[in-house]
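Trainee: I would like to learn how to read side-chain contacts in a model. Please take me through them one at a time.

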Amino acid sequence: MFFQRAKLKKEFDQQFVKLMQETKEDWQQAQRIEDFLNDYNLEAMAKRKIAESIHFYL
């Protein structure tokens, strides 16, 4: 019983780390897109803020 619980915890920890890495990549990609834009784009800023919020929420 204990071994199953430890296995599940390890599996969910790995999934969480993977999710953190994916959200960080999404956030960094949104930052790069915003940096490449020449003008003030509210949509790009909103997408970056959303990605940043999701990453820091986790």
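Trainee: Is Trp 27 buried or exposed?

Mentor: Keep in mind that this is a predicted model. Burial is read from relative accessible area, and buried means under 20%. Trp 27 has a relative accessible area of 14%, so Trp 27 is buried.

Trainee: How many aromatic pairs are there in the whole structure?

Mentor: A search of the whole structure gives 1 aromatic pair. The ring centres of Trp 27 and Phe 56 lie 5.2 Å apart with the planes at 70°, so the pair is edge-to-face. The cut-off behind that label is an angle over 60 degrees.

Trainee: Which parts of the chain does the pair link?

Mentor: The pair links distant parts of the chain, 29 residues apart. Trp 27 belongs to helix α1 (residues 2–36), and Phe 56 to helix α2 (residues 42–57).

Trainee: Is Phe 56 buried or exposed?

Mentor: Phe 56 counts as exposed, at 56% relative accessibility.

Trainee: Now the charged side chains. What is the general idea?

Mentor: Side chains of opposite charge can pair when their charged atoms come close. In this model, a search of the whole structure finds 4 salt bridges.

Trainee: Which residue forms a salt bridge with Lys 9?

Mentor: The partner of Lys 9 is Asp 13, and their closest N and O atoms are 3.0 Å apart. Both sit in helix α1, and because they are 4 residues apart, about one helical turn separates them. Lys 9 counts as exposed at 52% relative accessibility, while Asp 13 is partly exposed at 38%.

Trainee: What does Glu 43 form with Lys 47?

Mentor: Glu 43 forms a salt bridge with Lys 47, with 3.5 Å between the closest N and O atoms. These two are 4 residues apart in helix α2, so the separation is about one helical turn. Lys 47 is exposed, with a relative accessible area of 51%.

Trainee: Where do the side chains of Glu 52 and Arg 48 stand in terms of helical turns?

Mentor: Glu 52 and Arg 48 are 4 residues apart in helix α2, which means about one helical turn lies between them. Their side chains meet in a salt bridge at 3.4 Å, N to O. Arg 48 counts as buried, at 15% relative accessibility.

Trainee: Which residues are linked in a network of salt bridges?

Mentor: The network of salt bridges links Glu 34, Arg 48 and Glu 52.

Definitions and conventions: Residues numbered from 1 in each chain as written. Predicted model: local features only at pLDDT ≥ 70, side-chain atom pairs only at ≥ 80, totals over all residues. Heavy atoms only, no water. Phe/Tyr/Trp six-rings, centres within 6.5 Å; stacked < 30°, edge-to-face > 60°. Buried < 20%, exposed > 50% of the residue type's maximum accessible area, 1.4 Å probe, protein only.
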